[in-house]
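Please look through the structure shown here, and then follow the explanation below from one part to the next.

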Amino acid sequence: MTRPLIIGLTGSIGMGKSTVAAMFEAAGVPVFDADAEVRAMQGPGGALVPAIEKAFPGSTDENGVARDKLGALVFGDPEKLARLEAIVHPAVAARREAFVIEHVGAPMVVFDIPLLFEKGGAEAVDKVIVVSAPAETQRMRVLARPGMTEEKFAHILELQVPDSQKRARADHVIDTGTNLEKTEDAVIALIAELGDSYSARQAP
Ligand SMILES: CC(C)(COP(=O)(O)OP(=O)(O)OC[C@H]1O[C@@H](n2cnc3c(N)ncnc32)[C@H](O)[C@@H]1O)[C@@H](O)C(=O)NCCC(=O)NCCS
Ligand SMILES: Nc1ncnc2c1ncn2[C@@H]1O[C@H](COP(=O)(O)OP(=O)(O)OP(=O)(O)O)[C@@H](O)[C@H]1O
C-alpha cells in the first residue's frame, strides 16, 4: 500500500494554523498535532515527565510538566532550550511515524508542526503548507491572548523563521487574513488539488 501524501502544515504564532488544521480534520484528512502530542507526553503520568524532571529539577509536579515554569526557564536560554528539545523531539518523531503507519491507505495526512522550518523536518514531508496573515492581524490576535505581553511576543517572533521566508519556502500558502469562509474554501480546494497529485503518484 502506498504511504499517504504527507503534508506539513506550519505558520508563525497566531497565523491561524490550529484553525486551518481543524478545517482539514473536518474535511476528513487525518491530522497529527505535534503540540498536542507534546502536551500529552508532558501531562500527568506522561512519558517525558521523568526525563524533564531530571534535566530541569522542580519543573514538574503531580500534573506533569509545569509548562509556564519550564517555558520561563528555557525561552531566553538557548542551551537549556536545546536540552529540552533533545528530550522532546525524538519522542515526537516516533509518534509521527506511528501515525503514518496507522493511516496507510489514506490519500493524505497532515502534520501540524508549528516549528517545521525552525527545527528541520521540511524535507521529511512531501508538501509544505504555510498559514499566513498580515503582520498586523497576527499581532492583534496574539496580543489578545491572556498572559501575552509585547515582550513575550517579540521574543517568540525572534525564535521563529520570519513569515516572509516561510511563505517563500512553501509549496502552498493559505491566507487567513480574510474571513473563515474564504479560508475554508481555500482548504477544500487545496485538498482536491493534493488528492489529484496522490492519484497521479499511484498511476502505473
Ligand atoms: C517550553 C514549553 C514547555 C512551554 O510551553 P508553553 O505552553 O508555555 O508555550 P507554547 O508551547 O505555547 O510556546 C509558545 C510559543 O513558543 C514557540 N516555541 C515552543 N517551543 C519552541 C522551540 N523549541 N523553539 C522555538 N519556539 C518555540 C511556540 O511555537 C509558540 O509560538 C513548550 O513550548 C515545550 O515543551 N517546548 C519544547 C518542545 C517543542 O519544541 N515544541 C514545539 C512543537 S514539537
Ligand atoms: N480566516 C481565518 N483563518 C484562520 N483563523 C482566523 C481567520 N479569521 C480569524 N481567525 C482567528 O484567528 C485566530 C488564530 O488562532 P490559531 O490558534 O488558529 O492560530 P495558531 O497559528 O495556531 O497560533 P499558535 O501558533 O500561537 O498556536 C483564531 O482566534 C481564529 O478564529
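In this predicted model, the shell around ligand 2 draws at least two residues from each of two helices, H1 (17–26) and H9 (180–202). Helix H1 gives the most to this shell, with four residues. Of the 16 residues around ligand 2, those that come nearest are Gly 16, Lys 17, Ser 18, Thr 19 and Thr 176. By class, the shell around ligand 2 holds nine polar residues, five nonpolar ones and two charged ones.

The protein chain as a whole is divided into domain 1, made of 1–30 and 109–197, and domain 2, which covers 33–102. Between the C-alpha centres of domain 1 and domain 2 there are 22 Å, and the contact takes eleven residues from domain 1 and nine residues from domain 2. On the side of domain 1 that touches domain 2, strand S5 (residues 108–112) supplies the largest share, three residues. That side of domain 1 has seven nonpolar residues, three charged residues and one polar residue.

Another element to follow is helix H5, which runs through residues 78–102. The buried residues of H5 are Leu 84, Val 88 and Val 92. An α-helix has 3.6 residues a turn, so residues three or four places apart point the same way. The cover over the buried residues of H5 includes helix H2 (34–42) and helix H4 (67–74).

Conventions:
Residues numbered from 1 in each chain as written. Chains lettered and ligands numbered in written order. Predicted model: local features only at pLDDT ≥ 70, side-chain atom pairs only at ≥ 80, totals over all residues. Near = placed C-beta within 6 Å. Nonpolar A, V, L, I, M, F, W, Y, C, P; charged D, E, K, R; others polar. Expected span 1.5 Å × (residues − 1). Buried ≥ 20, exposed ≤ 12 C-beta atoms within 10 Å, placed from the backbone. Contact = placed C-beta atoms within 7 Å. Domains from an automatic or database assignment.
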